[in-house]
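Could you walk me through this structure, one piece at a time? I am new to reading models like this and would like to know what to look at.

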Protein chains: 4
Amino acid sequence: MENFRNVGLIGRPGSDEVVQTLRHAITFLQSRGCNIILDADIEQLLGRHGLQVGDRKILGESADLVVVVGGDGCLLGAARALSRYGTPVVGVNRGHLGFLTDIMPGELERQLGAILDGHYETEKRFLLDAEVRREQHPVGGGSALNDVVIRAGDSVHMVEFELWIEGRFVYNQRSDGLIIATPTGSTAYALSGGGPIMHPKLDAIVLVPMHPHALSSRPLVVDGNSEIKLVIRSGHNSPLVSCDGQAGVRAQAGDVIYVRKRAQKLTLLHPHDHDFYEACRSKLGWSSKP
Amino acid sequence: MENFRNVGLIGRPGSDEVVQTLRHAITFLQSRGCNIILDADIEQLLGRHGLQVGDRKILGESADLVVVVGGDGCLLGAARALSRYGTPVVGVNRGHLGFLTDIMPGELERQLGAILDGHYETEKRFLLDAEVRREQHPVGGGSALNDVVIRAGDSVHMVEFELWIEGRFVYNQRSDGLIIATPTGSTAYALSGGGPIMHPKLDAIVLVPMHPHALSSRPLVVDGNSEIKLVIRSGHNSPLVSCDGQAGVRAQAGDVIYVRKRAQKLTLLHPHDHDFYEACRSKLGWSSKP
Amino acid sequence: MENFRNVGLIGRPGSDEVVQTLRHAITFLQSRGCNIILDADIEQLLGRHGLQVGDRKILGESADLVVVVGGDGCLLGAARALSRYGTPVVGVNRGHLGFLTDIMPGELERQLGAILDGHYETEKRFLLDAEVRREQHPVGGGSALNDVVIRAGDSVHMVEFELWIEGRFVYNQRSDGLIIATPTGSTAYALSGGGPIMHPKLDAIVLVPMHPHALSSRPLVVDGNSEIKLVIRSGHNSPLVSCDGQAGVRAQAGDVIYVRKRAQKLTLLHPHDHDFYEACRSKLGWSSKP
Amino acid sequence: MENFRNVGLIGRPGSDEVVQTLRHAITFLQSRGCNIILDADIEQLLGRHGLQVGDRKILGESADLVVVVGGDGCLLGAARALSRYGTPVVGVNRGHLGFLTDIMPGELERQLGAILDGHYETEKRFLLDAEVRREQHPVGGGSALNDVVIRAGDSVHMVEFELWIEGRFVYNQRSDGLIIATPTGSTAYALSGGGPIMHPKLDAIVLVPMHPHALSSRPLVVDGNSEIKLVIRSGHNSPLVSCDGQAGVRAQAGDVIYVRKRAQKLTLLHPHDHDFYEACRSKLGWSSKP
């Protein structure tokens, strides 16, 4: 059995409820004899605490488990930082709509306790790496658990690009941009663009055109190991490449953007009663058994 | 019968083909005894010409007819400037996809000649006026023949707003923005967002949510005389209000945006064989009679 | 002020709750001195009652107001029967999703009482007439408050037809069929096919292709007075023309189907606090003011 | 190198062009020394021919390669019959839209010759098996290369069913039906219902709801090895379970429908220059490189 001795704690700043749940988690984890390492970003939220503090590198290297308190957005950030260390992550839901953060605050002791006792399911979620190259040289990039979005650099003009998958030309597209999403991201932004819901176990990537000029453009699902390449053709605005809705990199005409599965995956822990379809029913409003 | 004695000429800059068609139009119109007034924006494209030149105000006040050479985008600009004068406009197609510019260059003499002879159909197209108000005071606005688009001010955050129609609260929406389109605009940007095609004769406005967070948001069609009001709620970016894809006005949290039908309409002239559905078939790829 | 002396009562059979609300309505209407005429279809539901009974023709001719207890489906049937007499109709909601039946059973006395006192809003809703013609002769037809649907006669083959609007050829379509809906029907079946929501006041008809073979087919909104004509081209199955989801008429290759606005409209009464967008919010799950 | 000595020939009846291409193929294959086995269904199309004739069982057992002349529909039928024998299949396009039949008649000698010479790509495409069980006993079923469709048994009522995937309850749905498609079928009927395009190499199944009553229903992509189970709940019509658009089995309330990947796959041969995205571009009208 695994032994979660050193437990990292990450939280979404700016919410009293998050602070309250963090305090609750600290008390509980200490009662279970865990050594707590507090994320440096939330240290000041907690007043005097006497706990060990570390940045995400330290959390990744030292923690046996990281507990994230907040919404899916907060967990996305933790996942991008921690996936390289293989540290398991569990999410406590303190936002709206949580597909990733599936422990409810009221169930914290019971469900987190069960996980500490070794009763949990392990799920691997893959991330995407994006790289922007200019005249063969990398000029920026990032990682995403949900999606890499390439979109027009201002709100008025479209972006025009060639799409290549596994070295094959797919099409030339004029649109507001392209969403490239993992199964994890398929229930987030990609869904609002008409993309399908993909089961988290699926090894696939979906490409969802955003307001495409051509009526025949449709979401496209390809193998998760596919190399996706975009060649930016229009130059009069600076298309933005953003990962999980973060600020991102500005591209220009002629730039080539590569998107590929990242080697290291996120290890996500769930309580045993976790169910993806149950999350869909409650979060998307699907009807239940009558 | 009307008498098109003074004819204005507007063209899209940056294309040799447009210049060539403008020259062709000048020769033809002069052979028919028309007095030509050249739009000041294209004067220098034509070298020495000896023609009268005027800005769009002068064109609006003096011309009996304005011929626009270019694509739909060029005609949109002319429409916004000329609708207040009631000057009839006819479009010669030199771009891609033309729903508004329905004379083909090769048919210029025959079709423009027929119009000068009084053989044409007159169509009225309505425009929308947008006004942004801050603490009761107007801070900007514009007019649109196709659409008024309110969208998130940067590419990363959503915009959140309340929608009110005819004084009734409709919903609170989080999305990339909202497209408010006329029938004319229903075959343009609104179509790429899943909006319906509306026949040009319809007195209606369509509201198309852009990547709405809620799965239940759908395009909404309301009477063309409805007053549409948005109250911007999110403040951390500066949503952009743009008309027909022009640069636009930056709004902020608390601002109220009004969109209403403009009093003056565009007068569009068509050759007699003009057919909206024929334009749909050729431009959207609808199948023809077998 | 109108005087609703003779009040007709229609109900959806097969539900104890409907019977209970009917009894409640009878007691209340009698206490207000109304003369009740019971729809023949529900007479036996009520046991011994001593009330006047009549079919829908008698209801249409004699009643000053008809109260319909059930869901939207029940009101659709009443509307088709009563629109020719101009009898005002009000709906009491005893089904799921009610856009038409907007009195809740618990509010029956208050809201129905207000209507009897003359406090209500009158709304006119138009219907569609469908007519199937074979070699110039009518072979069947019907009326619809929601929609006329032409669809493939078996589940395996597509239907192929030409669409003409106001005498103009639109396109040749291969699909599972076509939904032709009024604004009233735009929140019903047409919505599930990707059609827009149309405000009830709009004088428009929407045509929604069902699983069209061509990716470029989109919902099309035309003026409410347009004559819509379909010419059936494929003959190996017998396409079904159905009104408001009723059984319908079988068509065959060469048949011509006309759909036009019906001359007589339905008169629908609403309590004063009725609001179409409120119905959308509660029934479609649109978000309310936070 | 493989040796395609015995070559089966299948064709779509009812077209002179198919007959012409079949004759062309016979002449060419004989010139290459192949032994031809003619599908019994097309024997009479060819007049006196002196060739060996066999049903699909004989083709499956004896042929080293089967050439199908027709459209995708014809190849679907051959695939369902031949997949159990593992016989490789190649398609010559004589219909509309061919994603499966990628040899053009004019290229028959060159491309079929190259395949006989061993220059080809081999692609495995999986099929779905559908089984309808009533009170634990099988009452019918079928196989599909494109899709299994469960839909309402008449055109007027919806079907209501529970969906279970891998033993997990997904949702209760009311709709016109459900399309369950392979990657091969994702460019066929499923696409017209809003499903994504899935690359043929993907090991996934897409479930596309048909006109779902709930606005939150979306296409769902799951692993290709998932067991999909539907429990039919509504009984007043007899929902139809059809495979690749064939006639199918009637289900009733309480029936359980299982859909799973079939053990044997179709072996499809392609010329070396075959490209899935090229097929998308030409058949769906995607824009090419400018």
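This is a predicted model: local features need pLDDT of at least 70, side-chain atom pairs count only at pLDDT 80 or more; totals for chains, interfaces and linings use all residues.

For a close look at one pair, find β14 (residues 204–210) and β15 (residues 220–223) of chain D, which pair in the antiparallel sense over 4 bridges. One bridge to pick out is that of L207(D), whose partner in β15(D) is L220(D). In general, strands of a sheet pair through backbone hydrogen bonds, either parallel or antiparallel.

Let us move to chain C and begin with a helix. Helix α1 of chain C covers residues 16–31, which makes 16 residues. From its first C-alpha to its last it reaches 23 Å, close to the 22 Å expected at 1.5 Å a residue. After the helix comes G33(C), whose phi is positive, near 80°.

Which residues of α1(C) are buried? They are V18(C), V19(C), T21(C), L22(C), A25(C), I26(C), F28(C) and L29(C). These buried residues pack against several elements of chain C, namely the strands β1 (6–11), β2 (35–39), β4 (65–70) and β5 (88–93), together with the helix α4 (108–116).

One of those strands, β5(C), deserves a visit of its own. Is β5(C) enclosed or open? Of its 6 residues, 6 are buried, so the strand is largely enclosed by the rest of the structure. In a regular strand, side chains alternate between the two faces of the sheet. Here both faces of β5(C) are covered: P88(C), V90(C) and V92(C) are buried on one side, and V89(C), G91(C) and N93(C) are buried on the other.

What runs beside this strand? β4(C) is joined to β5(C) by 5 bridges, and the two run parallel. Within this pairing, V69(C) has V92(C) as its bridge partner in β5(C). To get from β4(C) to β5(C), the chain crosses through helix α3 (residues 72–82) of chain C, and this β-α-β crossover is right-handed. β5(C) also pairs with β20(C), in the parallel sense, over 2 bridges. There, the bridge partner of V89(C) is L268(C).

Strand β20 (residues 266–270) of chain C also holds T267(C). Is T267(C) buried or exposed? Its relative accessible area is 6%, and since buried means under 20%, T267(C) is buried. Its side chain makes a polar contact of 2.8 Å with the side chain of K124(C). Beyond its neighbours within four places in sequence, T267(C) is in contact with residues including G86(C), T87(C), P88(C) and V89(C).

Finally, visit two residues of chain A. N172(A) sits in strand β11 (residues 168–175) and counts as buried at 10% relative accessibility. A polar contact of 3.0 Å joins its side chain to that of E160(A). R5(A), by contrast, lies in the segment before β1 (6–11) of chain A, and at 48% relative accessibility R5(A) counts as partly exposed. R5(A) and D64(A) are 59 residues apart along the chain, yet their C-alpha atoms are separated by 6.4 Å. A polar atom of the R5(A) side chain also lies 3.2 Å from the backbone oxygen of G33(A).

Notes. Residues are numbered from 1 along each chain as its sequence is written. Chains are lettered from A and ligands numbered from 1 in the order in which they are written. Side-chain values use heavy atoms; hydrogens and water are left out. The expected span of a helix is 1.5 Å times one less than its number of residues. Buried means under 20% relative accessible area, exposed over 50%, partly exposed in between (1.4 Å probe, protein chains only). Contact means heavy atoms within 4.5 Å. Two strands pair if DSSP finds at least two bridges between them. A polar contact is a pair of N or O atoms within 3.5 Å; within protein, one must be able to donate a hydrogen and the other to accept it, and residues adjacent in sequence count only if both atoms are side-chain atoms. A crossover is right-handed if, with the strands pointing away from the viewer, the path from the first strand over the helix to the second runs clockwise.
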